[in-house]
Amino acid sequence: MTAESGTHTGDVGSSPVPISGSPTPELVLCAVDDLLAQAWTTVADTVDGRIFVHRGSVLDVVAQAVVSPANSYGWMRGGIDAVYARAYPGVEQNVRSAVLAYHGGELPIGESVIVPTGEAEPAWLISAPTMREPGERLPRDTVHPYLAARAVFRQWRDGWLDQGRIRDLVHTIAMPGLGTGVGGLAPATCARQVAAAWEEVFSSRSTRNGR
């Protein structure tokens, strides 16, 4: 399902009513090119959950959180991270401060941090590295998109902020390609790994007992 009808895009006032107590977030997979859009469509069509595809910028999606496919040091100077840094002044410093405070200055691949954007919506940015060094090209056999997506989904499922549980504050997550830009990874590879991460975190076994 695409988000181009306006259900998930537009002004803040058009944001969908949150589904209270949902075991999963609404995930909007964003693509500015046809190959990634096609790959994302396979995820939306085959994986159980509220997953949608938006053909356009991640910045156009009404969401409470956006995903940054970052590097381990929190620099936001290239690709979609540079777009975020321009759209949300100060978010790069928020990411770097969180990485320093909680991870000693280097956020391992497979972990994530969530920081405020300084905007009303999206209020949060989830930084989940797909590469250690800025500008790194990913090998074809990498599993970094899987690890990054799993970190994002675990953050939503298990994480807390001063304001409360992340899952109670974030109902829609907008996600661009993970490693498909600067990292040079094939969109189909990224899509398969994001689908696998979703299934692992949000399978019935993972979500039972209120998780």
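Good morning. I begin with helix α4, which is largely enclosed by the rest of the structure, because 12 of its 15 residues are buried. Please keep in mind throughout that this is a predicted model.

The buried residues of α4 include Pro-145, Tyr-146, Leu-147, Phe-153, Trp-156 and Arg-157. The helix covers residues 144–158, and at 1.5 Å a residue it should span 21 Å; its end C-alpha atoms are 21 Å apart, which agrees with that expectation.

What does α4 contact? Let me take the aromatic residues. A search of the whole structure finds 5 aromatic pairs. In one of them, the ring centres of Phe-153 and Trp-198 are 5.2 Å apart and the planes stand at 85°, so this pair is edge-to-face. Phe-153 belongs to helix α4 and Trp-198 to helix α6, so the pair ties together parts that are 45 residues apart in sequence. Are these two residues buried or exposed? Phe-153 has a relative accessible area of 0% and is therefore buried. Trp-198, at 2% relative accessibility, counts as buried too. A single aromatic cluster is formed by Phe-153, Trp-156, Trp-198 and Phe-202.

The side chains of Arg-154 and Glu-200 meet in a salt bridge, with an N to O distance of 3.7 Å. This pair links distant parts of the chain, since Arg-154 is in helix α4 and Glu-200 is in helix α6 (residues 187–202), 46 residues apart. Arg-154 has a relative accessible area of 35% and is thus partly exposed. Glu-200, at 33%, is likewise counted as partly exposed.

I turn now to the remaining charged contacts. As a general point, side chains of opposite charge can pair when their charged atoms come close. How many salt bridges are there under the rule applied here? The count comes to 8. One of them joins Asp-34 and Arg-55, whose closest N and O atoms are 2.7 Å apart. Asp-34 lies in helix α1 (residues 34–46) and Arg-55 in strand β2 (residues 51–55), so this bridge ties together parts that are 21 residues apart in sequence. Both residues are partly exposed: Asp-34 at 48% relative accessibility, and Arg-55 at 33%.

Another salt bridge brings together Arg-132 and Glu-133, at 3.2 Å from N to O. Arg-132 is partly exposed at 38% relative accessibility, as is Glu-133 at 36%.

There is one further contact of a charge with a ring. The charged end of Arg-96 sits over the ring of Trp-75, 3.7 Å from the ring centre.

Finally, the largest pocket. It holds about 490 Å³ of space. Which of its 30 lining residues are closest to its centre? They are Pro-69, Gly-79, Ile-80, Gly-181 and Val-182. Strand β1 (26–31) and helix α2 (79–87) each supply at least two residues of the lining. The largest share, 3 residues, comes from α2.

Technical notes. Residues are numbered from 1 along each chain as its sequence is written. This is a predicted model: local features need pLDDT of at least 70, side-chain atom pairs count only at pLDDT 80 or more; totals for chains, interfaces and linings use all residues. Side-chain values use heavy atoms; hydrogens and water are left out. Helices (H or I, at least four residues) and strands (E, at least two) are DSSP runs, numbered from the N terminus. The expected span of a helix is 1.5 Å times one less than its number of residues. Buried means under 20% relative accessible area, exposed over 50%, partly exposed in between (1.4 Å probe, protein chains only). A salt bridge is a side-chain nitrogen of Lys or Arg within 4 Å of a carboxyl oxygen of Asp or Glu. Rings of Phe, Tyr and Trp (its six-membered ring) pair if their centres lie within 6.5 Å; planes under 30 degrees apart count as stacked, over 60 as edge-to-face and the rest as tilted. A charge sits over a ring if NZ of Lys or CZ of Arg is within 6 Å of the ring centre and within 35 degrees of the ring normal. On a 1 Å grid over the protein atoms alone, a cavity is a set of points where a 1.4 Å probe fits but cannot get out, and a pocket is an open set with protein on both sides within 12 Å along at least five of seven lines; lining residues have an atom within 4 Å of a point. Grid points are joined across faces, edges and corners, and a volume is the space filled by probe spheres set on the points.
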